[in-house]
Amino acid sequence: MTQDKEKTTTDGAYADGDLVQIPLVNLELGPNYRSQLREMDSLVESVHQFGVLTPLWVEPHATKRNKYVVFAGRRRYEAARLAAQRRAKESSSDEALAVQVGRYAVPCRIFRHLGRARQVVFSLV
C-alpha cells in the first residue's frame with residue numbers, strides 16, 4: 001500500500017514535502033515592503049515557465065482564518081501573480097477560471113510565532 005504524498009488542508013493549501021503550496025488568494029503582503037520592484041520582466045518569465053522555485057516565507061494571519069502574511073519574497077509573490085494572470089489569458093477556459101479565482105498555488109514555508117524582529121531579519125536574507 002502506498003501513501004499519497006499530497007495532503008490537502010481545509011484552506012486549500014497542500015503539503016508537498018517540506019513545503020506547503022498555498023493559493024495566491026490566501027496570501028497577503030506584510031507591512032514594510034519596498035514599493036519599487038526592479039527587473040520584474042525576467043522574473044515573471046521565469047515563474048511563467050518554471051513556477052516559483054524558491055518558497056515564499058509566510059506566517060499565519062493574526063485575525064483572518066486560512067490567510068497567510070508574506071514577510072519574505074515580495075518579488076516572487078508579484079511575479080507569481082503576474083504569471084497567473086498571463087497564464088489565464090493563454091489557457092483554456094477551465095484553467096483560466098481557476099487562476100482567476102486565485103487557485104494558482106505557490107510554494108511557501110510557514111513560520112509561526114517569529115516576532116517582528118526576526119521577520120525583519122529573515123526578510124533581508
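Strands, as the term is used in these legends, are DSSP runs of at least two E residues, numbered from the N terminus. The model shown is predicted.

**View A. Asn66 in the loop between strands S5 and S6.** Strand S5 spans residues 56–60 and strand S6 spans residues 68–72, and Asn66 is found in the loop that lies between them. With a relative accessible area of 28%, Asn66 is partly exposed, because that class covers values between 20% and 50%. Asn66 and Val25 are separated by 41 residues in sequence, and their C-alpha atoms are 9.9 Å apart in space.

**View B. Asn26 and its contact with Asn66.** Asn26 is placed in the loop between strand S3 (19–23) and strand S4 (27–29). The relative accessibility of Asn26 is 9%, so this residue counts as buried, the limit being under 20%. From this position, the side chain of Asn26 reaches the backbone oxygen of Asn66 at 3.2 Å.

**View C. Packing of helix H1 against helix H2.** Helix H1 (residues 40–50) and helix H2 (residues 74–90) pack with their axes 8 Å apart and at an angle of about 60 degrees. H1 is therefore oblique to H2, and the crossing in which H1 passes H2 is right-handed.

**View D. Residues in the contact of H1 with H2.** On H1, the contact is made by Met40, Leu43, Val44, Glu45, Val47 and His48. Among the residues contributed by H2 are Arg75, Arg76, Glu78, Ala79, Leu82, Ala83 and Glu90. The residues of this contact divide into 8 nonpolar, 1 polar and 7 charged.

Conventions:
Residues numbered from 1 in each chain as written. Predicted model: local features only at pLDDT ≥ 70, side-chain atom pairs only at ≥ 80, totals over all residues. Heavy atoms only, no water. Helix = DSSP H or I, 4+ residues; strand = E, 2+ residues; numbered from the N terminus. Buried < 20%, exposed > 50% of the residue type's maximum accessible area, 1.4 Å probe, protein only. Polar contact = N/O pair within 3.5 Å; in protein donor to acceptor, adjacent residues only side chain to side chain. Axes fitted to C-alpha atoms, helices over the stretch in contact; angles between N-to-C directions. Parallel < 35°, antiparallel > 145°, perpendicular 65-115°, else oblique. Left-handed = near helix turned anticlockwise from the far one by under 90°. Contact = heavy atoms within 4.5 Å. Nonpolar A, V, L, I, M, F, W, Y, C, P; charged D, E, K, R; others polar.
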